[in-house]
Amino acid sequence: MQNVYSVGQVNAYIKNMFTQDFMLARIYVKGEVSNCKYHTSGHIYFSLKDETGTMACVMFAGARKGLAFPMKDGQRVIAMGSVSVYERDGRYQLYAREIILDGAGLLYEKYEALKKELEEMGMFAAEYKQEIPGFARKIGIVTAPTGAAIRDIMNISYRRNPYVQLILYPALVQGEGAADSIVKGIHTLDRSGVDTIIVGRGGGSIEDLWAFNEEKVARAIFECRTPVISAVGHETDVTIADYVADLRAPTPSAAAELAVADIYAVREQLLQYKRRLDGRMQESLVRNQERLTKYQLKLNYLSPRNQIQEKRRALTEKEEKLKRLMESQLQEKRQFLIDKEDKIQNLMNDRLLEKRHQFRIYIEKMKGLSPLEKLNQGYAYATDDKGSTLSSIVQVEQGERLKIYVTDGRIDAEVKKKEPMDYR
């Protein structure tokens with residue numbers, strides 16, 4: 001047996017044939033999604049089927065940016081990618097790089113191309129976005145005169161602020177001539193002096209919303225001097241007008257809430273500000289009153305009258321203090337003198353007692369020396385006739401006259417005899 005190949009060789013050969021086929025390198029395949037599974041790795045595994053057959057497909061996690069919607073079974077899509085063979089299983093599959101919903105494929109490509117072109121021109125740049133007025137008084141609306149969009153805008157605007165003036169430009173929002181009608185409405189309201197312009201409509205398919213994907217509408221919004229809020233379709237619908245507008249609202253109702261300030265909330269906020277301001281003013285008044293009171297006390301303290309009163313009070317206190325000191329000194333001196341006097345008196349008394357004692361001693365001594373005392377004791381005092389005291393017998397002679405003094409008188413006597421005696 002010759003020319004026998006392994007399974008792997010055959011699968012590799014078939015894969016090489018697929019790779020060399022130019023048409024299979026970039027191919028669009030249309031079908032219904034089935035067996036769709038999102039793997040934890042980020043890859044999406046699914047099948048495309050129609051009434052004639054089924055094709056296995058995979059979209060790797062790195063290509064997920066080419067998917068603008070969540071895939072699920074039953075959707076009819078157009079997948080762009082390459083067809084190749086998975087050698088391990090020996091089966092071919094589509095490696096999808098982009099997936100769009102069927103029926104919108106051509107429009108979606110046109111949408112993406114215009115979006116990329118306008119983005120490169122800078123029409124989506126944040127520096128060109130105008131600020132939406134916080135308190136608009138006049139709001140222009142470019143939408144259909146009938147439909148849910150204008151009713152929602154009117155109801156929400158009236159509920160939030162019944163004093164806001166709404167100016168409607170009745171425009172075509174889908175079909176032939178819709179883009180020109182929208183552009184004309186934007187230009188007309190821009191010249192009318194409104195504060196904000198709302199451009200939008202209710203939800204629909206990509207074909208219904210296509211007027212808002214036209215370049216002329218995008219340029220009209222970009223060149224508008226009045227801030228523009230786009231409100232096209234539902235929250236999941238994104239148009240070129242949303243990227244160019246100064247602010248995108250997910251729905252017309254949300255656009256009304258963004259454009260019209262809630263006057264009742266503003267009033268409540270103003271009341272809160274007023275209460276807060278009143279509170280702060282009251283606190284400020286209390287603080288200033290306390291400060292003025294301190295200043296008044298300080299001024300009163302530093303005023304000439306108060307200074308005089310303070311000096312007078314200080315002088316009075318010093319005078320009283322001086323009086324107390326003088327009184328204290330006088331009292332001390334007085335007490336000192338009294339103590340001194342008492343001390344002197346005591347000394348004098350002591351001296352007096354001492355002198356009296358000495359005097360008594362002297363008296364006793366005098367008594368001892370007194371002739372009278374001696375006389376009282378039986379002694380006599382004798383003198384000669386001339387009055388000279390006789391103390392010895394040699395002073396008299398026999399026959400002389402003597403005077404003898406006793407306690408109660410004098411005796412005149414005559415010496416009859418004298419006889420010496422030794423009393424020792």
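## Basis of the model

Because the model is predicted, local features are described only where pLDDT is at least 70 and side-chain atom pairs count only at pLDDT 80 or more, while totals for chains, interfaces and linings use all residues. Residues are numbered from 1 along each chain as its sequence is written, and side-chain values use heavy atoms, with hydrogens and water left out.

## Domains and annotation

The protein chain is divided into domain 1 (5-102), domain 2 (121-260) and domain 3 (373-413), with bounds that come from an automatic or database domain assignment. The centres of domain 1 and domain 3, taken over C-alpha atoms, are separated by 190 Å.

In an unreviewed UniProt entry, residues 5-99 carry the annotation "domain: OB-fold nucleic acid binding"; such positions are given in the numbering used here, feature names are shortened, and annotations may be inferred rather than shown by experiment. The span 5-99 is 19% helix and 48% strand, and its end C-alpha atoms lie 38 Å apart. Helices (H or I, at least four residues) and strands (E, at least two) are DSSP runs, numbered from the N terminus.

## The closed barrel

Five strands form a closed barrel that runs β1-β2-β3-β5-β4 with mixed pairing, where two strands pair if DSSP finds at least two bridges between them. The twist from one strand to the next averages 55 degrees. Helix α1 (residues 7-20) packs on this sheet, touching β4 (76-86) and β5 (91-101), and its direction makes about 135 degrees with that of β4. Contact here means heavy atoms within 4.5 Å, and the axes are lines fitted to C-alpha atoms, for helices over the stretch in contact, with angles that run from 0 to 180 degrees between N-to-C directions.

Strand β1 (residues 27-38) pairs with β2 (residues 44-50) in the antiparallel sense over 5 bridges; S34 has S47 of β2 as its bridge partner, and K37 has Y45. The hairpin of β1 and β2 has 5 residues between the strands, and in it G42 takes a positive phi near 105 degrees. Strand β2 also pairs with β3 (residues 53-59), again antiparallel, over 7 bridges, with F46 standing opposite C57 in β3, and the hairpin joining β2 to β3 passes through 2 residues.

## The open parallel sheet

A further 5 strands form an open sheet in the order β7-β6-β8-β9-β10, and the pairing is parallel. Its edge strands, β7 (165-170) and β10 (247-248), each pair on one side only. Strand β9 (residues 228-232) pairs with β10 over 2 bridges in the parallel sense, and the bridge partner of I229 in β10 is L247. Helix α4 (residues 148-160) packs on the sheet, touching β6 (138-143), β7 and β8 (196-201), and its direction makes about 165 degrees with that of β6.

## Cysteines

With a disulfide taken as a pair of cysteine sulfur atoms within 2.5 Å, the count comes to 0 disulfides. C36 is in no disulfide, and the nearest cysteine sulfur, that of C57, is 10 Å away. C36 is buried, with a relative accessible area of 18%, and C224 also counts as buried, at 4% relative accessibility; buried means under 20% relative accessible area, exposed over 50%, and partly exposed in between (1.4 Å probe, protein chains only).
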